[in-house]
2 protein chains.
Amino acid sequence: MKSLVHQTQSTPEREPANWIKPTTIIEAPRLARKLGVDLFLASETFQHTGSFKFRAAYQVVSHVPHARFIAASSGNFGQALARACQILGKSCTVVMPESSARVKVEAVREMGGKVDLIDVQRISRSDRVAELAKLDPEAYVASPYDDDFVIKGNATLGTELAQLRTPFEVVLAPVGGGGLTAGLVKGLREAGHRAAVVGAEPMKANDAARSLRAHHLVVNTQEPNTLADGVRTVSLGQRNWEILRDGLADIIEVTEENIAAAVRLLFNLANLKAEPTGALAIAALLTAPEKFAGQRACCVISGGNVDPQSYAEILRGG
Amino acid sequence: MKSLVHQTQSTPEREPANWIKPTTIIEAPRLARKLGVDLFLASETFQHTGSFKFRAAYQVVSHVPHARFIAASSGNFGQALARACQILGKSCTVVMPESSARVKVEAVREMGGKVDLIDVQRISRSDRVAELAKLDPEAYVASPYDDDFVIKGNATLGTELAQLRTPFEVVLAPVGGGGLTAGLVKGLREAGHRAAVVGAEPMKANDAARSLRAHHLVVNTQEPNTLADGVRTVSLGQRNWEILRDGLADIIEVTEENIAAAVRLLFNLANLKAEPTGALAIAALLTAPEKFAGQRACCVISGGNVDPQSYAEILRGG
């Protein structure tokens, strides 16, 4: 199946052999000056389906034998799963909150995924996934983060960063379920790179920060309503926690105001369209620049998918 | 001087030896499907100072012996000139219309350039430049387009595109003074690449299209008030015309509505923040997709510098 698909591509440059696009490295000197931190960006906004989640989804779909997939996703993992299934001739159903960005729902459908919209006040995503799995026991239930293939897929970003010729001492990335940060820890360490991995988490959804402080997994009582809709998870995954409890150097908790300000900074000083979740690493630098004095920081901009009206609202708030 | 500056850089990756960042190639399959055209993007929005103009400005400032520069610019050439002067220890004055995007004015100042704001209804940019040149006869008057160094600087983009492994039959790029398209023709041809170069021009500012039809240089009576503020020029430059009269395969004239729609398409389907001028190539595909049937097109996204409020207004118009 894989080789059939590849035959339709004309050159390796148009679609890399493993279907993962290298991350886009962006120097942003004006942003660095404004934040007072020596930084560069690793932007996953131009990855397939517009976020790092494709790394994970492609790894899962290409490595398990199942033909059908079920997943809960606030959007980016859903798009990525749909695209991976489309490429590999498989199918999927994606459970999404009704409040999801419209563009994300449309994108899943455009790539052949089936969308199952739920009211998260009535049923949790995991309960709805369990219902669907009962109806189709041969489908693979794909966690967007708590899955070894997902972590391995995201680790490809860590591997890429480790291979950069530019030195850096710290990598900042959003924390939701912990799939991205766990992948970064794994990828960097396996490549022998010692950069500290620091999570960036909304104060409104700070279960990971609380978990690190408590030395055990802390769970939110309900989905937090942060602007950063990619990290509206109730807790870290178990597999992610196992890596992050010792793997994360720190977590910076950020206000909603700083998330919006970070989106605007990326727009104004780096010409980069990021979704609120994608701007969390910049929000962390805005919150605690003094923690990064004398270091060079790599900020992972995890995704770019955001409704134009929501984005316009954020720009107008500046 | 040049080597002194380079010593402050830690690795070649952080600043390329010749100070030009390679263009960012972005495959955009959803955008391609929407337009019905096989395309990829060559984005100059992550170039130094956020537009292709740095290629030209750096070439000029590093090749003429003058210490001071005077230029008229709707903004991007001004920023680029200021940055090139900053890098090379020189100085500049940039004449800009009062109506220029605020972010562009601020950026010129941030990089050490002096801004001279004018009311274009009272004095033309060229007349103001002539006044300033009279006051400082030892300054070099730098045209943003009608200058052999400028064309040579922009030709570096053509050279880069010619070296891509991906095949393409046509390159679309905005036309204002003709600096970018002339550079593309020069760079591609010198590298032996035969791709057709097609200009994209606002209908409101269609002097280049009229010039091609008339077989002689046609001049607008005043600066056209198009949304695409980077191409508010009264005519092509003489040196540009010499190259473009035979070098351009075609010019597509686009409406203001299609320029705004193209900005939105790049936002929604390619996660790319482009300024209206930067979206002209996409507006051209939106206007006349049938002209590109069966071809693979490279769309040059020339720049990304746009005021957040103007951009929010465009997004809300969708």
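Is A:Phe40 buried or exposed, and what is its relative accessible area? In this predicted model, A:Phe40 is buried, with a relative accessible area of 0%.

**View 1. An edge-to-face aromatic pair within chain A joins A:Phe40 and A:Phe168.** Eleven aromatic pairs are present over all chains of the structure. In the pair formed by A:Phe40 and A:Phe168, the ring centres are 5.7 Å apart and the planes are at 70 degrees, an edge-to-face arrangement. The pair links distant parts of the chain, the two residues being 128 residues apart. A:Phe40 belongs to strand S2 (residues 38-43) of chain A, whereas A:Phe168 lies in the loop between helix H7 (148-162) and strand S7 (170-174). A:Phe168 has a relative accessible area of 5% and therefore counts as buried, the cut-off being under 20%.

**View 2. A tilted aromatic pair of A:Phe267 and B:Tyr311 crosses between chains.** The two ring centres are separated by 5.0 Å, with 55 degrees between the planes. A:Phe267 is located in helix H11 (residues 256-270) of chain A, and B:Tyr311 in helix H13 (residues 308-316) of chain B. Both A:Phe267 and B:Tyr311 are buried.

**View 3. Four aromatic residues from chains A and B form one cluster.** The members of this aromatic cluster are A:Phe267, A:Tyr311, B:Phe267 and B:Tyr311.

**View 4. Lysine charges sit over the rings of A:Phe267 and B:Phe267.** The charged end of A:Lys273 sits over the ring of B:Phe267, at 3.8 Å from the ring centre. The ring of A:Phe267 has the charged end of B:Lys273 over it, 3.8 Å from its centre.

Notes. Residues numbered from 1 in each chain as written. Chains lettered and ligands numbered in written order. Predicted model: local features only at pLDDT ≥ 70, side-chain atom pairs only at ≥ 80, totals over all residues. Heavy atoms only, no water. Phe/Tyr/Trp six-rings, centres within 6.5 Å; stacked < 30°, edge-to-face > 60°. Helix = DSSP H or I, 4+ residues; strand = E, 2+ residues; numbered from the N terminus. Buried < 20%, exposed > 50% of the residue type's maximum accessible area, 1.4 Å probe, protein only. Lys NZ or Arg CZ within 6 Å of the ring centre and 35° of its normal.
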